[in-house]
Number of protein chains: 2
Amino acid sequence: MADRRSTPRGERTGRRPGPSTTRTEILAAARASFAELGYDRTSVRGIAARAGVDPALVHRFFGSKDDLLVAALTVAMNPDERIPEVMEGEPAELGERVVRYFLSVWEDSPVRDVLIGMLRSAAANERAARLLRDYFGGQVLARMAAPLEGADASLRATLVSSQLLGIAMVRYIIGIEPLASAPPETIVAAYAPTVQRYLTGDLGLPSA
Amino acid sequence: MADRRSTPRGERTGRRPGPSTTRTEILAAARASFAELGYDRTSVRGIAARAGVDPALVHRFFGSKDDLLVAALTVAMNPDERIPEVMEGEPAELGERVVRYFLSVWEDSPVRDVLIGMLRSAAANERAARLLRDYFGGQVLARMAAPLEGADASLRATLVSSQLLGIAMVRYIIGIEPLASAPPETIVAAYAPTVQRYLTGDLGLPSA
């Protein structure tokens with residue numbers, strides 16, 4: 001899941017970099033900063049220094065720190081393309097596709113570090129929690145709920161998010177064994193039926 | 001889940017409080033401090049000040065800050081009594097009993113605040129994460145795995161923890177709707193079958 005547009009740092013030619021290279025470098029600097037420092041300690045000024053550009057340029061290209069985080073998360077998760085792909089296809093394997101998408105994002109370590117930084121901040125900081133809530137609600141969960149039928153579509157997407165966030169906490173953040181070191185195929189086998197039921201099964205809800 | 005031994009603050013008689021009252025007051029002060037300030041910003045000195053005792057007394061009764069957190073978590077969750085209760089009884093309703101135990105702890109707000117403080121710290125701080133890992137591993141997951149048969153008992157307990165921690169993140173910490181406001185019976189209906197399968201069902205694991 002490497003950003004295909006990124007240029008390795010230090011590999012400079014004599015040409016002055018164009019705007020798209022600069023954008024990519026700012027975004028790479030933002031991702032590195034959110035991953036290393038988390039949301040709270042990341043600043044537009046620090047990102048600009050890392051990318052070797054003026055802070056005003058960062059503001060002009062991306063807006064605020066929050067906008068940069070959203071851009072970094074979007075590159076990491078690519079939800080606008082990948083979630084519709086996941087939701088289409090053989091309905092009986094929907095749960096498995098969701099879990100494999102989740103693993104494809106989290107097992108990739110640079111992306112994982114951005115997400116860990118984000119989740120750590122969201123656990124500690126109400127502003128970061130709101131950003132994550134809005135981002136997941138609007139970009140991830142809404143796309144997951146869209147193709148589902150019924151009044152409980154949003155609830156179903158949220159149930160899925162509760163299982164996936166829990167895997168993230170236990171496997172990647174707190175590190176509880178044996179789940180932390182289990183092979184990816186164990187994760188798929190254990191969780192795909194759960195996600196499948198949350199998305200398409202009988203939830204047995206009390207009649208509301 | 002109120003601590004049955006605790007005395008409301010300010011309700012003092014003329015008698016000098018005995019050691020058990022002092023212990024209880026120190027523990028109440030520790031719980032309030034972990035809940036308000038989280039693990040990082042809580043200190044034995046601050047807990048002593050809150051309880052109106054000398055820090056040396058806190059050390060003598062409880063040991064370190066980490067020991068105090070373990071004591072506070074144990075009062076909150078009472079795992080040595082409650083988990084064996086949950087694991088016994090009708091096997092077909094095991095998942096439901098686990099979810100109801102989880103809700104009984106988390107829906108009670110003073111206890112929830114301690115747990116939120118703990119999870120926030122564990123997400124941010126490796127020392128707090130290790131403490132939570134050791135506590136959950138030794139006090140909660142081991143008791144959940146003990147009555148299960150088979151080589152995958154620990155994995156099964158960890159799968160359960162991944163779902164319950166995920167509910168905690170989505171419902172109580174990040175607050176993603178509609179799950180954050182769903183009635184407890186919806187939580188039970190949605191999650192009991194998941195927990196039941198993790199503890200007793202076919203996990204479909206790749207042959208190892």
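A salt bridge is taken here as a side-chain nitrogen of Lys or Arg within 4 Å of a carboxyl oxygen of Asp or Glu. Over all chains, the structure holds 14 salt bridges. This is a predicted model, in which local features need pLDDT of at least 70 and side-chain atom pairs count only at pLDDT 80 or more, while totals for chains, interfaces and linings use all residues. Residues are numbered from 1 along each chain as its sequence is written, chains are lettered from A and ligands numbered from 1 in the order in which they are written, and side-chain values use heavy atoms, with hydrogens and water left out.

View 1. The secondary structure of chain A consists of 10 helices and 0 strands; helices (H or I, at least four residues) and strands (E, at least two) are DSSP runs, numbered from the N terminus. Of the 208 residues in chain A, 50% are buried. Buried means under 20% relative accessible area, exposed over 50%, and partly exposed in between (1.4 Å probe, protein chains only). Chain A is superposed on chain B by a rotation of 180 degrees with 0.0 Å of shift along the axis, at an RMSD of 0.0 Å. That is the relation of a two-fold axis. The superposition is by least squares on the C-alpha atoms of residues with pLDDT of at least 70 in both copies. Among the residues of chain A, A:G166 comes closest to the rotation axis, with its C-alpha at 1.8 Å.

View 2. The side chains of A:E96 and A:R100 form a salt bridge of 2.9 Å, N to O. Both residues belong to helix α6 (residues 94-106) and are 4 residues apart, about one turn of the helix. A:E96 is partly exposed at 31% relative accessibility, and A:R100 is partly exposed at 36%.

**View 3. Salt bridge between A:R171 and A:E107.** The two side chains meet at 3.0 Å, N to O. A:R171 lies in helix α9 (residues 153-173) and A:E107 in the loop between α6 and α7 (109-124), so the pair links distant parts of the chain, 64 residues apart. A:R171 is buried, at 8% relative accessible area, whereas A:E107 is partly exposed, at 34%.

**View 4. The pair B:E107 and B:R171.** In chain B, the side chains of B:E107 and B:R171 meet in a salt bridge of 3.0 Å, N to O. B:E107 is in the loop between α6 (94-106) and α7 (109-124) and B:R171 is in helix α9 (residues 153-173), so the bridge ties together parts 64 residues apart in sequence. B:E107 is partly exposed at 33%, and B:R171 is buried at 8%.

**View 5. Backbone at A:P178 and A:N78.** The peptide bond from A:E177 to A:P178 is cis, with omega near 5 degrees. A:P178 sits in the loop between α9 and α10 (184-200) of chain A. A:N78, which is not a glycine, has a positive phi of about 45 degrees and lies in the loop between α4 (65-77) and α5. Most residues other than glycine have a negative phi, and most peptide bonds are trans.
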